[in-house]
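The following exercises are to be worked through with the sequence and the model at hand. Each task is followed by a solution in steps.

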Amino acid sequence: MTIIQTPIPDKFAKMCQRHNVPPALVIQQFIRDLCHLEGTSGSDERLYAQLYYERCGYAFSAGVDEDIVPARLNEPADLLAAMAGIARPVRKRK
């Protein structure tokens, strides 16, 4: 496991404080969901985390030939994106 230190916005810290949850816990849980690690929040949360990551372009910017969303999740991901009124980014294959 890699440990990093990074500043967080005051707005995020205050939001976490209002909900009585440590900011590190929120970030760690998002990572668990995104990477399908033990202790995820559930299948919907994993899918939403992946859609967020994909939508921001992180999965496509490095040029790595890897899909962040497994093929079996493409149909539900397309449906969720359509329900949200957003287009999923299209990855150009090499």
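**Exercise 1.** Determine which helix gives the most to the nonpolar patch of this predicted model, and list the residues that make the patch.

*Solution.*
Step 1. The patch is made by Ile 8, Val 26, Ile 27, Phe 30, Ile 31, Leu 37, Tyr 52 and Tyr 58. Together they form a nonpolar surface of about 670 Å².
Step 2. Helix α2 spans residues 23-35 and supplies 4 residues, the most of any contributor.

**Exercise 2.** Locate Tyr 52 in the secondary structure and classify its accessibility as buried, partly exposed or exposed.

*Solution.*
Step 1. Tyr 52 belongs to helix α3, which covers residues 43-55.
Step 2. The relative accessibility of Tyr 52 is 45%. Buried requires under 20% and exposed requires over 50%, so Tyr 52 counts as partly exposed.

**Exercise 3.** Describe how α3 is placed against helix α5, and how α1 is placed against α2.

*Solution.*
Step 1. Two packed helices are described by the angle between their axes and the distance between those axes.
Step 2. The axes of α3 and α5 (residues 74-84) come within 11 Å and cross at roughly 75 degrees. Angles of 65 to 115 degrees count as roughly perpendicular, so α3 is roughly perpendicular to α5. On the α3 side the contact is made by Leu 47, Tyr 48 and Leu 51, and on the α5 side by Pro 76, Ala 77 and Leu 80.
Step 3. For α1 (residues 10-18) and α2, the axes come within 9 Å and cross at roughly 100 degrees. Helix α1 is therefore roughly perpendicular to α2. Phe 12, Ala 13 and Cys 16 of α1 meet Pro 23, Val 26 and Ile 27 of α2. Val 26 and Ile 27 are also among the residues of the nonpolar patch.

**Exercise 4.** Characterise the position of Cys 56 and its separation from Arg 88.

*Solution.*
Step 1. Cys 56 is placed in the loop between α3 and α4 (58-61).
Step 2. Its relative accessible area is 38%, and Cys 56 is therefore partly exposed.
Step 3. In sequence, Cys 56 and Arg 88 are 32 residues apart; in space, their C-alpha atoms are 10.0 Å apart.

**Exercise 5.** Summarise the secondary structure and the burial of the whole protein.

*Solution.*
Step 1. The protein has 5 helices and 0 strands, in the order α-α-α-α-α along the sequence.
Step 2. Of its 94 residues, 19% count as buried.
Step 3. The protein exposes about 7500 Å², of which carbon and sulfur atoms supply 57%.

Notes:
Residues numbered from 1 in each chain as written. Predicted model: local features only at pLDDT ≥ 70, side-chain atom pairs only at ≥ 80, totals over all residues. Heavy atoms only, no water. Patch = residues over 30% accessible without salt bridge, like charges linked within 9 Å, V, L, I, M, F, W, Y side chains within 5 Å. Areas by Shrake-Rupley, 256 points an atom, 1.4 Å probe, with all protein chains shown as cover. Salt bridge = Lys/Arg side-chain N within 4 Å of Asp/Glu carboxyl O. Helix = DSSP H or I, 4+ residues; strand = E, 2+ residues; numbered from the N terminus. Buried < 20%, exposed > 50% of the residue type's maximum accessible area, 1.4 Å probe, protein only. Axes fitted to C-alpha atoms, helices over the stretch in contact; angles between N-to-C directions. Parallel < 35°, antiparallel > 145°, perpendicular 65-115°, else oblique. Contact = heavy atoms within 4.5 Å.
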